[in-house]
Amino acid sequence: METEIGSMIFERRVDLALISLYLIFIVAIGFMFSGKSENPSEYFRGGGKMLWWMTGASAFMVQFSAWTFTGAAGKAYTDGLSVAAIFFGNAVGYFVSFLFVAEVFRQTRCITPIDAIKRRYGRVNEQFFTWAQVPIGVIQAGIWLNGLAIFTSAVFGISIEMTIVITGVIVMFVSLSGGSWAVVASDYIQMLVIMAISITATLFVATEIGVVQVVTDFPRDLFTNNLNYAALFFVWCMMSITKQIFSTNNMFDASRYLVAKDSINAKKAALLAAVLMFAGTFVWFLPPMATAVMGIDLNAVYPTLGGKAGDAAYLAFVDTVMPVGMVGIMIAALFSATMSSMDSGLNRSAGIMVLNFYNPILKKGTATNRELMRMSKILTFCFGLVIVLVGLFISSLKELSLFDIMLQTGSLIQMPILIPLTLAILIKRVPDWAPWATVLVGLCVSLVSKFVLTADMFGSLLGITFTSREGADLLFILSMVLHLTVTMGFFFFTKRFYTGLTEARTQEVESFFTDIETPVVSREQGATAADLEQRNKLGILAILYGACIFLLLLVPQPEESSGAVMGFVVTGGIVLGIGCLLKLSARRGTPVPAVT
């Protein structure tokens, strides 16, 4: 067995070299931005000085993980384009942010999202949502790590456990070294890699197979595979889009805009994230669908994955159709997706625990900046370890669908929390107990939809036998409908019990709403030294990585392989070209004094 693994690793030496190079670049980002975080504001939100293109890339990557190329790709392999509804919902959600709320979130003028929750709903809710959201973030990060491990295990034969540990250590280093600056900077480079490989893979689908052929020859129903009732799919799509709108427009996820330089940069960032997500919706799922059209038996190609073989559908296309070296770039993209979500989650979770629990509860507000920074790094390290342990646990659940895990986590656990946090800026007159009470009611609703109003119960009442997909879709639909009616209805019902707040709380709430209605305006008329530094450093990294991709043209290809020039030129050209533009803009910019 050890000989077989060693042979596989040797055959993949080009891919291993590319992944190693990419990880070196990510570590370099940590070093390049180390020392920039001297206080909690700098560490957790970059001091609110980041430009729209960095903020938007980071916001986009927060909604992105290796799950897109594993669990979601596996769904596309079996059920076609139905999964695109979730990502289209993300695009719609970001566009709603652009139109209405991105600048509002920036205008909360807070360091962590829980700070805004405290101002809006009081200290009880500050602690309630601190302990409600942080564990969910840890579970999600563990799921993302598991998705990455599936891919890497299939390619190199390296154990899932080893992949989880290595990735967790690297993410901890990036978050520890540079804080939010390093996190957002690495998110930008990761976004470039993700979009470059996605566009290139789609071009290979178009040239080697044909987009029309993939759609027309897909071996199963394009949208309603394993569904007897098309109307069920339509309702599922509507609920998926609705769920993603809540996921991208709530006070907790406001942290993605808190790093922006001002209200205008926050608004532009939301638009960039919407455009990127909308474009990705149409390119991410053609390769796994092409794998199905090609008739590749994933269970035979990746026997070690067992029931999760379908999650390797994207990998199978890259491995079969694209030139040698592209798998390495693909795995680098997966590391990108996973690390971008994890480092953002680590940075945010540590910030919440330090500023919303450690300092106000344990230290009674007396902790110095130096002490807060020390505790921030300790908690970042601890959360990283916990995420690794969660990832190892999830990897032991061999037959569990990543797609269903993510979907059910979102509808059953997240929705009760998201409802009061989304309505916070829309509904002003509710008692302070309304948010936490709404979450508790929502969790009861989730239990009912999970264990009482089951697909089997409806099937027996209607005399219908539901397919496995219909059963999973019904659970999601029922939980969403109940939350939108019962849980949200309860939140509105609490308005009847509003009798006013204490004088101190009234002033706090009035101040909160005054702030969110007042734009944050940067007083610098030109590019600051920090702006030019962002462009210059990221431009250098993008140029170097793009140039390394061009060097892959020297790698010998199998005789039957074609398209190597197109693959490496397009992928490297995108990264290199954007790097050159960043460097050019940094040279032409004239720095003005930064105003804090």
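**Ground rules.** I am working with a predicted model, in which local features need pLDDT of at least 70 and side-chain atom pairs count only at pLDDT 80 or more, while totals for chains, interfaces and linings use all residues. Residues are numbered from 1 along each chain as its sequence is written, and side-chain values use heavy atoms, with hydrogens and water left out.

**Whole chain.** I looked up the secondary structure and found 25 helices and zero strands. Helices (H or I, at least four residues) and strands (E, at least two) are DSSP runs, numbered from the N terminus. Of the 596 residues in the chain, 60% are buried. Buried means under 20% relative accessible area, exposed over 50%, and partly exposed in between, with a 1.4 Å probe and protein chains only. I then looked up contacts, meaning heavy atoms within 4.5 Å. Among contacts with a separation of 6 or more, 88% join residues 24 or more positions apart.

**Helix H23.** H23 covers residues 503-516, and its 14 residues should span 20 Å at 1.5 Å a residue; the end C-alpha atoms are 20 Å apart, which agrees. The expected span is 1.5 Å times one less than the number of residues. I listed the buried residues of H23 as Arg-505, Val-509, Phe-512, Phe-513, Asp-515 and Ile-516. They cover an arc of only 160° around the axis, so they are on the same side of H23. The arc is that of the directions from the helix axis to the C-beta atoms. An α-helix has 3.6 residues a turn, so residues three or four places apart point the same way. On the other side of H23, I found Glu-503, Ala-504 and Gln-507 exposed. The cover over the buried residues of H23 includes H6 and H7.

**H7 against H23.** I checked how this pair crosses: the axes come within 7 Å at roughly 125°. Axes are lines fitted to C-alpha atoms, for helices over the stretch in contact, and angles run from 0 to 180 degrees between N-to-C directions. H7 and H23 are therefore oblique to each other. For angles, under 35 degrees counts as roughly parallel, over 145 as roughly antiparallel, 65 to 115 as roughly perpendicular and the rest as oblique. By class, the contact of H7 with H23 has five nonpolar, one polar and six charged residues. Ala, Val, Leu, Ile, Met, Phe, Trp, Tyr, Cys and Pro count as nonpolar, Asp, Glu, Lys and Arg as charged, and the others, Gly among them, as polar.

**H6 against H13.** H6 packs with H13 (residues 263-281) at an angle of about 175°, with the axes 8 Å apart. That makes H6 roughly antiparallel to H13. I counted the classes in this contact as 16 nonpolar, four polar and three charged residues.

**Thr-112.** I found Thr-112 in the loop between H6 (84-106) and H7 (113-121). Thr-112 is buried, with a relative accessible area of 3%. Beyond its neighbours within four places in sequence, its contacts include Leu-258 and Gly-351.

**Gly-142.** Which helix holds Gly-142? Gly-142 is in H8 (residues 123-156), and is buried, with a relative accessible area of 0%. Gly-142 and Gly-391 are 249 residues apart in sequence, yet 3.9 Å apart in space, C-alpha to C-alpha.
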